[in-house]
Amino acid sequence: MVRRNDERRAALVDAAIEVLARDGARGLTFRAVDTAAAVPPGTASNYFANRDELLTQTGARVYERLQPDEATITRHRTAGRDRETYAELMRELVGRVASFRTGYLALLELRLEATRRPDLRTVLTERVRADVDANVAYHEASGLPGDATAVKLLYLALNWLIVEQLTLPDVFTEAERDRLVTAAVERIVAAG
């Protein structure tokens with residue numbers, strides 16, 4: 001029997017994010033999720049039919065939590081349309097993603113697990129492709145400089161910068177990270 005308490009389900013999936021980030025995919029068990037969520041043993045198994053469903057819903061939840069809030073979206077829509085503004089938007093994006101350390105680390109674990117689980121790979125591929133397409137569409141509609149290729153190149157470059165920050169945080173200082181984001185925008189996005 002699958003339970004329908006949405007708040008409890010969200011708490012369990014949030015706990016799964018923490019378990020994935022801390023213990024990796026092999027450590028993600030129903031028992032570990034129950035413990036992390038501080039719920040009675042067996043609770044997670046009442047909400048998820050199997051571990052694959054838990055992994056899939058955890059991936060979806062990470063993306064849900066990474067979305068900017070309405071104030072950020074409004075600020076982006078009303079910002080300037082030049083490379084300096086673009087660089088500021090990208091620094092903000094990198095900072096927002098990096099501040100959800102456990103979510104991004106959990107997402108890395110999910111990506112690794114997706115190499116062994118075709119259903120999870122399908123879900124993550126669809127989600128990432130949809131995000132890339134949405135970013136390109138948003139960019140094209142925004143009037144910011146650069147084309148679809150620039151958006152994709154920044155996506156690739158900044159994702160690895162985030163991985164570096166989260167896994168080996170002493171490689172670059174925060175100030176260096178910000179300068180690298182600015183340099184990436186200046187070098188990848190054509191002026192004008």
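Here is a chat about the fold, surface and salt bridges of a predicted model.

Biologist: Hi! What secondary structure does the protein chain have?

Modeller: Hello! Keep in mind that this is a predicted model. The protein chain has ten helices and zero strands. Read from the N terminus, its elements go α-α-α-α-α-α-α-α-α-α.

Biologist: What box do the C-alpha atoms fill?

Modeller: Along the principal axes, that box is roughly 60 × 35 × 30 Å.

Biologist: And how much of the chain is buried?

Modeller: Of the 192 residues in the protein chain, 39% are buried. The chain exposes about 10700 Å², and 53% of that comes from carbon and sulfur atoms.

Biologist: Which share of the contacts with a separation of 6 or more is between residues 24 or more positions apart?

Modeller: That share is 68% in the protein chain.

Biologist: Let's switch to charges. How many positive and negative ones are there?

Modeller: The protein chain has 27 positive and 29 negative charges, and their mean positions are 4 Å apart.

Biologist: Why would charged side chains pair up?

Modeller: Side chains with opposite charges can pair when their charged atoms come close. In this structure there are 14 salt bridges.

Biologist: Nice! Which residue does D14 meet in a salt bridge?

Modeller: D14 meets R65, with 3.2 Å from N to O. D14 is in helix α1 (residues 6–23) and R65 is in helix α4 (residues 51–66), so this pair ties together parts 51 residues apart in sequence.

Biologist: Are those two buried or exposed?

Modeller: D14 has a relative accessible area of 19%, so D14 is buried, as the cut-off is under 20%. R65 counts as partly exposed, at 35% relative accessibility.

Biologist: What about E88, which residue is its partner?

Modeller: E88 forms a salt bridge with R91, and their closest N and O atoms are 2.7 Å apart. Both sit in helix α6 (residues 83–99), and because they are three residues apart there, about one helical turn separates them. E88 counts as partly exposed at 40% relative accessibility, and R91 also counts as partly exposed, at 21%.

Biologist: Which residues are in the network with them?

Modeller: Salt bridges with shared partners link R51, D52, E113, R116 and R117 into one network.

How values were computed. Residues numbered from 1 in each chain as written. Predicted model: local features only at pLDDT ≥ 70, side-chain atom pairs only at ≥ 80, totals over all residues. Heavy atoms only, no water. Helix = DSSP H or I, 4+ residues; strand = E, 2+ residues; numbered from the N terminus. Buried < 20%, exposed > 50% of the residue type's maximum accessible area, 1.4 Å probe, protein only. Contact = heavy atoms within 4.5 Å. Areas by Shrake-Rupley, 256 points an atom, 1.4 Å probe, with all protein chains shown as cover. Lys, Arg positive; Asp, Glu negative; His and termini not counted. Charge placed at Lys NZ, Arg CZ, Asp CG, Glu CD. Salt bridge = Lys/Arg side-chain N within 4 Å of Asp/Glu carboxyl O.
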